[in-house]
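Please look at the sequence and the model shown here before reading on. The paragraphs below lead from the whole fold to single residues.

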Amino acid sequence: LLLLYVAPERFRVRRFDAALHRRLALNGRFEYVVFDEAHCISQWGLDFRPDYQWVTRRVRLLKKAAQVPFPVLLFSATLSEQIFNDIETLLV
C-alpha cells in the first residue's frame, strides 16, 4: 500500500479504524499522515467538516501506538501561524 486517500468522515467507521491499527501493528509505523485542507482542523472547518477534529484525535492515538514516530504533513493554502499552532496542540 503506497497511498491511502480517505475523507475525514471515514475515520468514524470502526472497521476502518481497526484496519489502521492492524496495519500499524504489522509495520510499527506509517510513512506519513497527510492532511489536505488542514485549515479545516482549526478554522471554519469545525462547523463545515467537524470530522477533521475527530481525525486529529485518531491520529494522536495512532502516534501513541506506533513503535516508530511518523511525520504528519499539513497542506493548506490558508494555514496561518495561529491555525498551525492550534493543529499542533491537537496532534501532540
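The account begins with the overall build and then turns to aromatic rings and one leucine.

This is a predicted model, in which local features need pLDDT of at least 70 and side-chain atom pairs count only at pLDDT 80 or more, while totals for chains, interfaces and linings use all residues. Residues are numbered from 1 along each chain as its sequence is written, and side-chain values use heavy atoms, with hydrogens and water left out.

The protein contains 4 helices and 2 strands; helices (H or I, at least four residues) and strands (E, at least two) are DSSP runs, numbered from the N terminus. Read from the N terminus, the order of the elements is α-β-α-α-β-α. The radius of gyration is 13 Å, close to the 12 Å that the globule rule gives for 92 residues, so the protein is as compact as a globular protein of that length. This radius is taken over C-alpha atoms, and the rule is 2.2 Å times the number of residues to the power 0.38. Along the principal axes, the C-alpha atoms fill a box of roughly 35 × 25 × 20 Å.

Of the 92 residues, 30% are buried. Buried means under 20% relative accessible area, exposed over 50%, and partly exposed in between (1.4 Å probe, protein chains only).

Which aromatic rings pair with each other? Rings of Phe, Tyr and Trp (its six-membered ring) pair if their centres lie within 6.5 Å; planes under 30 degrees apart count as stacked, over 60 as edge-to-face and the rest as tilted. By this rule there are 2 aromatic pairs. One is edge-to-face and joins phenylalanine 11 and phenylalanine 16, at 5.2 Å centre to centre and 85° between the planes. Phenylalanine 11 counts as buried at 12% relative accessibility, and phenylalanine 16 is buried at 9%. For phenylalanine 30 and phenylalanine 70, the ring centres are 5.5 Å apart and the planes stand at 75°, so this pair is edge-to-face. Phenylalanine 30 lies in the loop between α1 (14-27) and β1 (33-36), and phenylalanine 70 in the loop between α3 (51-65) and β2 (72-75), so the pair ties together parts that are 40 residues apart in sequence. Both phenylalanine 30 and phenylalanine 70 are buried.

Leucine 24 belongs to helix α1 and is buried, with a relative accessible area of 3%. Apart from neighbours within four places in sequence, leucine 24 is in contact (heavy atoms within 4.5 Å) with Arg29, Phe30, Leu62, Ala65 and Ala66.
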